[in-house]
Amino acid sequence: MIANIPLCNYIFQVETINEKIYNNIKLSFKTITTKKKPIFKTKIKISKNVNRFTFKIKNENLVYCYLSHKFDKSLFRDFSFFLKSIIQLLVFNKEIFLLHASSVKIGKEAMIFCGPSGSGKSTIISFFNKNDVFADDCVVIKKNKNNFYVYSSPFDYAKIPYDRTKKIKLAKIFFIKKFKKNSIKKISRFITIKKILKSNYFYLYLKLLTFHRNNLKINDLLKVLYYYAKKLSYNIKSNYLYFKKNKNFIKIITKNNN
């Protein structure tokens with residue numbers, strides 16, 4: 001069974017013979033029927049020799065994933081995060097960056113809200129029209145020349161509308177901090193780079209992943225991540241967003257939108 005996940009202008013193909021895994025992927029991610037040839041693939045297999053999940057790189061376009069035979073909803077929830085990490089691993093050379101964040105369109109530009117689970121990412125986007133929401137939990141960013149664009153996320157398909165052609169220029173990144181009142185504060189490029197890295201899906205789960213190290217040059221990948229985060233920090237305004245759960249923050253983040 002094959003599921004095709006559209007990512008920017010590419011197709012990421014997931015193949016499995018396990019019906020339960022296939023159905024969960026179809027429910028959680030946007031999948032399409034297409035004749036377009038995928039440029040990235042992952043093959044998912046069930047194994048009794050795996051505690052939870054692991055992966056092995058076949059080549060730069062193909063990864064094998066192995067899941068525990070004790071498959072349940074809890075394992076799939078964790079695996080969905082894991083799969084995003086695998087996708088990030090494969091799309092490095094396409095200048096695609098996956099952030100654990102939410103994103104909305106304000107005017108003609110996109111804004112991103114980063115933070116750990118429970119920080120308010122979903123609450124923030126709930127104050128906006130659903131048609132202006134690009135991502136609830138996984139933001140897709142692609143670099144084009146010297147500009148960065150946010151694409152509609154196929155990974156949040158269960159929660160938000162999806163349009164594979166939808167993209168918008170990125171204007172600002174906010175790092176959420178819960179507080180008693182709404183305000184923003186500029187942060188340094190050094191802190192921005194550090195926080196962007198910690199919000200990236202591959203970097204975020206790197207310590208949690210178990211994998212075969214053959215053909216995997218972790219240091220090279222981390223250099224690419226650092227380069228991308230540095231470019232973002234130089235081209236995109238970044239701030240702390242001290243957030244109280246009300247919509248007054250919208251005026252604050254749009255007040256100096258230049």
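Mentor: The account below takes up Gln13 and then turns to the sheet around it. This is a predicted model, in which local features need pLDDT of at least 70 and side-chain atom pairs count only at pLDDT 80 or more, while totals for chains, interfaces and linings use all residues. Residues are numbered from 1 along each chain as its sequence is written, and side-chain values use heavy atoms, leaving out hydrogens and water.

Gln13 belongs to strand β2, residues 10–16 (strands are DSSP runs of E, at least two residues, and helices of H or I, at least four, numbered from the N terminus). With a relative accessible area of 10%, Gln13 is buried (under 20%; exposed is over 50%, partly exposed in between, with a 1.4 Å probe and protein chains only). Its side chain makes a polar contact of 3.2 Å with that of Asn4 (a pair of N or O atoms within 3.5 Å, one able to donate a hydrogen and the other to accept it; residues adjacent in sequence count only if both atoms are side-chain atoms). Beyond neighbours within four places in sequence, Gln13 is in contact (heavy atoms within 4.5 Å) with Ile2, Ala3, Asn4, Pro38, Phe40, Lys41 and Thr42.

Strand β2 pairs with β1 in the antiparallel sense over six bridges (pairing requires at least two DSSP bridges), and Ile5 stands opposite Phe12 in β2. The open sheet has five strands in the order β1-β2-β3-β5-β4, with mixed pairing. Strands β1 (2–7) and β4 (53–59) are at the edges with a single partner strand each, so one side of each has no neighbour in the sheet.
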